[in-house]
Amino acid sequence: MSLLRLEQLSSGYRNADILRNVSMEIGAHECVAVLGANGAGKTTLLRTISGLLRPSRGVIEYRGSRLPEAPHRIAALGVAHVPEGRGTIAGLTVEENLRVGAYTQRSRTQVEADLAQCYERFPILDEYRHRPATYLSGGEQQMLALSRALMARPTLLLLDEPSFGLAPKIVHLVYEAIRRVIAEGHLAVLLVEQSAELAMSAASRAYVLKHGEVVGAGSREELRGSPGLSDAYLGTTGYHA
Amino acid sequence: MNWRISNILAGAIASVALALAHGPAAAQGSYKDPGISDTQIKLGGSYPFSGPGSAYGAVHDGAKAYFDLVNSRGGINGRKIEFTVLDDAYQPSKVVANVRQLVEQDKVFALFNIGGTAHNLAVADYVLRNKIPHLYLNTGAIVFAKDRQKFPWTLIGIPAYATESAAFAAYIKQERPNAKVAVLYQNDPFGQDLLQPFERAAKHENLRIVAIEPYNASEPSVDSQISKLARSGADVFVSFTIPKFAAQAIRKAAELNWKPMQLLTSVSASADLVLKPAGLAASQGIISTAFLKDPSDPASANDPAVKEYTAALKQFVPNANPADPLRARGYALAQVMVKALEGMKAPTREGLMQSAMSMDAEVPMLLPGIRIQTSPTDALPMKALYMERFEGERWVIMGKPLSPSPQ
Amino acid sequence: MMNVRPDALRWLLTAALTAMALSGAAGLGSFYLGQITVAAAYCIAIVGLNIVVGVTGQVSLAQGAFFAIGAYATAILRVRYGLSFPVALLATGVVTSLIGFVAGLPALRLRGHYLAIVTLGLSVAVVPVANRWSSLTGGGAGLNLGQVRVPPWIGLSPEQYLYVWGVMLAAAAVVIASRVARSPLGIAMSAVRDNEIAAMGMGVDVRWVKTGAFAASAFFGGVGGGVFALSVGFVAPENFLPTLSLLLLVGVVIGGSGSVPGSILGALFVQFVPDYAAALDKHLAGVFFGAAIIVFIRFMPEGPLAALAALYSTGHRLFFKRRST
Amino acid sequence: MLEGLLQVVIDGCASGAIYAAVALALALVYKSSGIVNFAQGEMGMFCTFITWWLNQQGLGLAAAIAAGLAIAFLVGAMVERLFIRPVASYGEFPAVLTTLGLFLVFNELAPWLWGPENRAFPSLFGNGVLAIGAARVSAESVGILVVMVAVGSLFFLVMHKTKLGLGMRAAAANATSSSLSGVPAPRMFMLGWGFATALATLAGVLIAPRLFLDASLMLGVIVYALAAAALGGFTSLAGAVVGGLVIGIVETLASNYVEFIGSDLKILVPLTVLLVVLIFRPTGLFGKSAERAV
């Protein structure tokens, strides 16, 4: 059974749809990439799933039932979204940012344990735990964003261009962490990325978006086997992770 | 957005607004001046119903109650009074616009009881150009009485502030010839109009003013000013304040254990609004002046004029508290206005001015012995006032009416 | 559309609009002439504020102060120095733009609420300073400007003459500000509003743009204040409470922040809606006016022009064709 | 001279306590919704009137205050829900201008309902006067300061040591991110407005006995309170209290000892102090910069 199923989903801003008739499925514990050039509708897709945008048409089914409307209710069901631009909460310290991530969690001891795990995963966060989060560098903020999402113990993790604006070395670090999380096998990941190569280093299969429509799909091997697809629709080769 | 479309829209809306601005012109009867007919006299007023001076809006309640009462008795020689009032938010520029509207749109016969010194100065040119009676202003600025060349159509309603100041100075001289005087005044035309003649009168009486402190009505408290005045070592304290700050001043002086002889302007001489909130103990012996009967004084409850006032207010402005002296003032000035209208020899604006400028009358709501007296060379309708002292829970009138000459 | 036509069209429309407004001078009584002249004064000031707030994106609560300084400057130049009023207005604009330049300096360091409160300080200062400096300002009793003298060959009443001046100056302010907003300078201003760092990257001198915007807005604010003083014929401190700055900001937002022509509507709103509100119930004028502000912002957050344009484009789409891209 | 100075400083603290009380409410609403609420003072004034009215109807003072604060909480929450939330997505100006509209509404509704005249408001602390050396200060002024420091500390603990407070701060700082983490941001804003209005009402109830209650109760205070909150850095509750006291003391000192300033220009002192401080610290004394790294 699929964890998340989108059927004929359209969504966008005001009365202009950006996504049109998008259908896709993500199974539990799998990592699926959404590839596409700038403006293909990747971010709109994630924002619609997490409730920041309301779909104009179509169905989003999560664990077999429809998602509620408010983003915080969706988050409470185990959907964690690391937004474009990392979504660092200014004015809060690093640790407070992480604790906001655990807002839906009830068990105190578990939150403390998860916090310790975050610090273990990214020791730099431990070092800066009492600093204002905005003092972190871009890469550190991406690690913070990922950790904040993981603090929610999500079932489905939505990642919006985790490589954006980062130096190759940092990208490598971030992706290593993402791959490790996937390998732990507790959650499914929907990964949006411009660079196919980078995304496919973590994902096992991918959908390709163009002008808001799904124009292709396939496993890592299938995509590799059809270089035309990535050239035609993705344009960039991107980083090597 | 597209400049062109927006311009068309802006133009369209602006022209609609212009079209709305065109009002119908009121028809004029066989009378020479607008606003008067066999059955009606239209008066116009402007009060601060909103904004920082909105407490003065209460004056209108009293005036309205008396006009309504007169109308319910059949009006003046069969003419009912229609009193049109507009809100000026205590802004002189709004008074200008209101007066233009009252004269040009509403076609009033005369203007009545507009408050504020700057506010009335702002329209003085206009009323002069258009020859509109501008009567019984709710201000005591002596400039209107002195400079008749500039203000021939204007007449103040209450005793000149300078009259009160002169009375204060004379009283201080009499009680404490060697007094060291401290003054608190509101830093606007109201306070300045009281302070300046007081300074002149004090000089005239050889009084020593040791400290003068202004306060801005927009600020929350006068505590620090009172503290400063108390440290000046003054033994007489003159308070040219509006009620809220008058009450603060009295209480702060008591807290500091500063016990000067206190003189309080009649504007704030209200037992209910000032002295009771400030604390009765701290208020004993405060001196003020009076020209109106005090509706909150139990002793005057049986006075027929006060009874009529209380009943009229209850009937025509049901929610208004009759204890507010500003309402009593509005009522009294409406009585003066009605006298002036009754005394018109011709139903014209000039006729009204002649009547107003040659009056010698008693007005029921004024204290006995205070007459309204004017002549073509005398534009101070109320020249006399009483000194009064706060004792127990009420004001007690002291002696006979005084007529100090304003400095 | 071709290159030349829109410009010509603009001028034509502006001229037609101005002519239409000017023709009112013939038919209106002095009360309405005065009302509209004051609205024109507000319009000039709101146009100026729009340059700082709408175009450059800096919060200013000082426009009421510039308006007040302009009113006093014009009054003093007329009464104490006997300058003819066009000269007085121009001098007023120069004086206030210098003050505006200085007042804009904090904007180099401060932003958002901090800038708002510091600029509010200037508006708070007006009343006590005018009272203190009474030898110049007339203090609480105010200054009487008297009526303007109309050159006899013109054949208009003083109110009509001022009305014509007010409307033409307001039209000029709208045209000039619109052109500035579209000029390279205006583009630099918008760049500062949208992203200061990116603007710097584009080679914009942010410091000059910000202080220049304040100076320009103060120029318009001062001239607006001058027109106000001439129309009312009287200046006194109570006319320039700190709330005036807030009122002008209401004019900017109601007309549509960043929309220069919208300033006309903002000025009409600020001038006439309180009167309509007071006509409903004089004791509840503020309640109705406040409610009108809330409702306008709720339903037309970008101003009535943008709302109408959106309506127009929606209607256009519905009636003509549903584009499929 | 020295005795005079002591009295001046004490007077400054007494004024400062009043400014701090309102500044605290401003800081709280900013901290919990990211909006400077121009109507904050007026909403507090309005609910102070409600408290007064309940007291007039025969309710005991303590009960009236408790009821008044509860009503204030509801008023604040309702205002957020009905007027602010619908325009919140339009950006900052529309929301701030909406608070300006609310300012006018509340400012005029109160005198319409209860009359424009000033009235006494019963004091929680009695009419006692404390002597400190030769200087004297009313028990009320001390009471205002003590209560506001206590309440400020309480709110500080709530905001910084509880999950609810964390959620409120997070929602104000970044509503999108917070709601993606499961923080019910809209509810947080409602709570924040409710708490802030209750706090403004508490400030009103505390200062009304000193200033006397009328519709302009908060008008005179709000400029000082804005300056105090800005001086403290807007998000800092301690900063608001310290800012209020600093402004009160500096203002009173300047009006007493600087001839040129006097009592008529003293309102310019806090604003000048604020300007000077902000030029060196653009986010106030206690404010944290949120814009260090882009």
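Biologist: What is the strand order in the open sheet of five strands in chain B?
Modeller: The order is β2-β1-β3-β4-β5, with parallel pairing. Strands here are DSSP E runs of at least two residues, helices are H or I runs of at least four, and both are numbered from the N terminus. Two strands pair if DSSP finds at least two bridges between them.
Biologist: Which strands stand at the edges?
Modeller: β2 (80–87) and β5 (154–156) of chain B. Each has a single partner strand, so one side of each lacks a neighbour in the sheet. On average, neighbouring strands are turned by 20° against each other, direction ignored.
Biologist: Before we go on, where does the model come from, and how is it numbered?
Modeller: It is a predicted model: local features need pLDDT of at least 70, side-chain atom pairs count only at pLDDT 80 or more, and totals for chains, interfaces and linings use all residues. Residues are numbered from 1 along each chain as its sequence is written, while chains are lettered from A and ligands numbered from 1 in the order in which they are written.
Biologist: Back to chain B. How many bridges join β4 and β5?
Modeller: Two, in the parallel sense, with β4(B) covering residues 134–137. L137(B) has I156(B) in β5(B) as its bridge partner.
Biologist: Which strands does α4(B) touch?
Modeller: α4(B) packs on the sheet and touches β3 (110–112), β4 and β5 of chain B. Contact means C-beta atoms, placed from the backbone, within 7 Å. The direction of α4(B) makes about 150° with that of β5(B). Such angles run from 0 to 180 degrees between N-to-C directions of lines fitted to C-alpha atoms, for helices over the stretch in contact.
Biologist: Is α4(B) largely enclosed or open?
Modeller: Largely enclosed by the rest of the structure, because ten of its 14 residues are buried. Buried means 20 or more other C-beta atoms within 10 Å of the residue's own, again placed from the backbone; 12 or fewer is exposed, and in between is partly exposed. H119(B), L121(B) and Y126(B) are among the buried ones.
Biologist: Where is the kink in α4(B) centred?
Modeller: On V123(B), at about 35°. That bend is the angle between axes fitted to the seven residues ending there and the seven starting there. Just after the helix, K131(B) takes a positive phi of about 55°.
Biologist: New topic. Which chains touch with the most contacts?
Modeller: Chains B and C, among four pairs that touch. No contact joins chains A and B, whose closest C-alpha atoms lie 17 Å apart.
Biologist: And what secondary structure does chain D have?
Modeller: Eleven helices and two strands. Buried residues make up 65% of its 294 residues.

Key: Contact = placed C-beta atoms within 7 Å.
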